[in-house]
Amino acid sequence: MTMRPILILAILGSMALVAGCSKPAPNLTADTIYTGGDIVTVNDAQPAVEALAVKDGKILAAGTRAEIERAHKGQGTTIVDLAGKTLLPAFLDPHSHYINSLTMANQVNVFAPPAGPGKDAASIVAELKKFRAARKIPEGEVIMAYGYDETSMPDGRTLSRDDLDKDFPNNPVMVGHTSLHGAVLNSAAFRKYGISAETKTPPGGIIVRKPGSNEPDGLVMETAWLPIFGSLPKPTPEQEVEWSRAGQMLYAAAGITTAQEGATHAADIAIMQRAAAGGATLIDVIAFPFILDLDAILKDNPPDTFGSYKNHFKLGGVKVTLDGSPQGRTAFFTTPYLVDGPNGEKNWSGELPFPQDTVNGWFKRVYDLGLPLNVHANGDAAIDVLLRAHESAAAGSLDKDRRTTIIHSQFVRPDQLDKYVAFKFIPSFFTEHTFYFGETHVKQRGREQAYFLSPMRTAIDKGLRPTNHTDFNVSPLDQMVVVWTAVNRVSRGGEVIGPDQRVTPIEALKAITINAAHQYFEEKSKGSLEPGKLADLVILDKNPLKVDPMTIKDIKVVETLKEGKSIYKAK
Ligand SMILES: [Zn+2]
């Protein structure tokens, strides 16, 4: 008996559908229906659909065009014709340094090609002039650039103050080094910061001098740079919001609607919270306070405030850093580098800046607070240290679902990946190293180890859910290059760095969508196109699953939407 009214309704409903006169109930009427192009859902249960319905910033339904229009097209529904472009879930950034985007939006990109236009000294100067003209920068105001790499300058002809002085006699100019540890200054900048031939080089610092003279040549690094860096102007309250929005636009332009601030100091947490309250809310930002600042941060942000968004900003957990970088020969290995250390050390394996006991204590503290932990580790010896720290701090619940994420995991060994599986760790790889530093790693670590760097194929085959990142601003925000390197692993010189570790385009996409959402405990709301999830969307000019894999890096972001609202459109 109870079945009958339902049956009748169902029959009436299907008759109405056949007659083509159905009107969806208001709660089922979409604001927007996307169709007319490929739709990649990143949902294994329904990998490709013809149409996607969005309502109130959320995904209402995905399916065939006929199905979706029949059930969700009402009077107010906008039909968006993708016109052959490809719709995907917006990208999540599994690891970068968002805070740097605030100032970079006001600086000049002089990365070497393909990441930027800085192929030689003349092109760097040309970019600076373009920037000055576009922003109408008055005389006397500081101009800053980022991404300078002297090792990529042709014929060893590096950038000097003389290159900058001719066109910038009255603006202090500082061209930031790609390591973030220094800059090339012009004469106006040297005057402003009181560095001259008389200035002694501080211990641990570098002031490059002109040949046969004591005159500074331009490049200032490490402890000689730190006082300048420390005295750079801080944003005013209005600038905090304005710069934050500009920084978020850099992410939006890359199709990213969830960004990470990967090692955050207390003062920067406060800036991000003020900016978010002031309206810098284009995208979601997740910050991981740096362990050494944790006490200061917990005073204003108790543990129970972690993990939930306020004004599109959330504290995601805590960041611990164990070693340096493999290209800089500061990553910590169980076996020596094939070359000397950064200061000429023989038989060099890198070092751990902190003793094992200290690391154990950090893990225990973070786990006891119930907070997620992100750990920076590159070399296999650093990874041994973190595995031991986990075994000590998590004894009794080694496999609890903590989403402990090992940032970079670049030189993880296969036996260590087995422990990642046992401990439910997430490796967040950095496959862009195969392109940017492939040859360097072969030279410094040997071919066998270099070929296993960021081993995404093995990790997936073992059942892990790896993510993949830019470490911005170590490398530029470009998710298509991230995917391209995971799929191809081709170095600058054209060598395939580990053919066995290449993954498929959909696996590479998962590493910046659904797997990244899982890393942040957000897999129920983000990372795939499924009903009920946020309508965080990206439209690409081509389908990364269909193009020649070597051209994935050339795919462009056409539009980015956050919760159904367009936040970026390519010009
Ligand atoms: Zn980083």
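The model is a prediction, in which local features need pLDDT of at least 70 and side-chain atom pairs count only at pLDDT 80 or more, while totals for chains, interfaces and linings use all residues. Residues are numbered from 1 along each chain as its sequence is written, and side-chain values use heavy atoms, with hydrogens and water left out.

I begin with the metal. Which residues are the protein donors of the zinc ion? They are H95 through NE2, H97 through NE2 and D471 through OD, at 2.1 to 2.2 Å from the ion. Donors here are N, O and S atoms within 2.8 Å of the metal (3.2 Å for Na, K and Ca); water is not among the atoms, so sites may look incomplete. Along the sequence, the spacing of the donor residues reads H-x1-H-x373-D. H97 sits in the loop between β6 (91-92) and α3 (99-104), and D471 in the loop between β20 (467-468) and α18 (479-488), so this pair ties together parts that are 374 residues apart in sequence. Helices (H or I, at least four residues) and strands (E, at least two) are DSSP runs, numbered from the N terminus.

Buried means under 20% relative accessible area, exposed over 50%, and partly exposed in between, with a 1.4 Å probe and protein chains only.

F472 and N473 are joined by a cis peptide bond, with omega about 5 degrees, and N473 belongs to the loop between β20 and α18. S101, in helix α3, is buried at a relative accessible area of 0%. Not counting residues up to four places away in sequence, S101 touches G247, Q248, L250, Y251 and F472, where contact means heavy atoms within 4.5 Å. S101 and Q248 are 147 residues apart in sequence, yet their C-alpha atoms are 7.4 Å apart in space.

I turn now to the sheets. Strand β6 belongs to an open sheet of four strands, ordered β6-β13-β14-β15, with parallel pairing. Two strands pair if DSSP finds at least two bridges between them. At the edges stand β6 and β15 (313-315), each with a single partner strand, so one side of each is left without a neighbour in the sheet. Two bridges join β6 to β13 (residues 256-264), and F91 has I256 as its bridge partner in β13. Helix α9 packs on this sheet, touching β13, β14 (284-289) and β15, and its direction makes about 155 degrees with that of β13. Such axes are lines fitted to C-alpha atoms, for helices over the stretch in contact, and angles run from 0 to 180 degrees between N-to-C directions.

Helix α9 (residues 266-277) also packs against helix α8 (residues 237-253), at an angle of about 85 degrees and with the axes 9 Å apart. The two helices are therefore roughly perpendicular to each other; angles under 35 degrees count as roughly parallel, over 145 as roughly antiparallel, 65 to 115 as roughly perpendicular and the rest as oblique. In this contact E240, V241 and S244 of α8 meet I271, R274 and A275 of α9.

Another open sheet has six strands in the order β7-β8-β9-β10-β12-β11, with mixed pairing. Its edge strands, β7 (108-109) and β11 (205-209), each pair on one side only. Within it, β9 (residues 173-177) and β10 (residues 182-185) are antiparallel over three bridges, and M174 has L185 as its bridge partner in β10. Helix α4 (residues 121-135) lies across β7, β8 (143-148) and β9, at about 140 degrees to β8.

The loops on either side of α4 deserve mention. K136, in the loop between α4 and β8, has a positive phi near 50 degrees and is exposed, with a relative accessible area of 72%.

Finally, S454 also has a positive phi, near 40 degrees. S454 lies in the loop between α16 (447-451) and α17 (456-461) and is buried at 0% relative accessibility.
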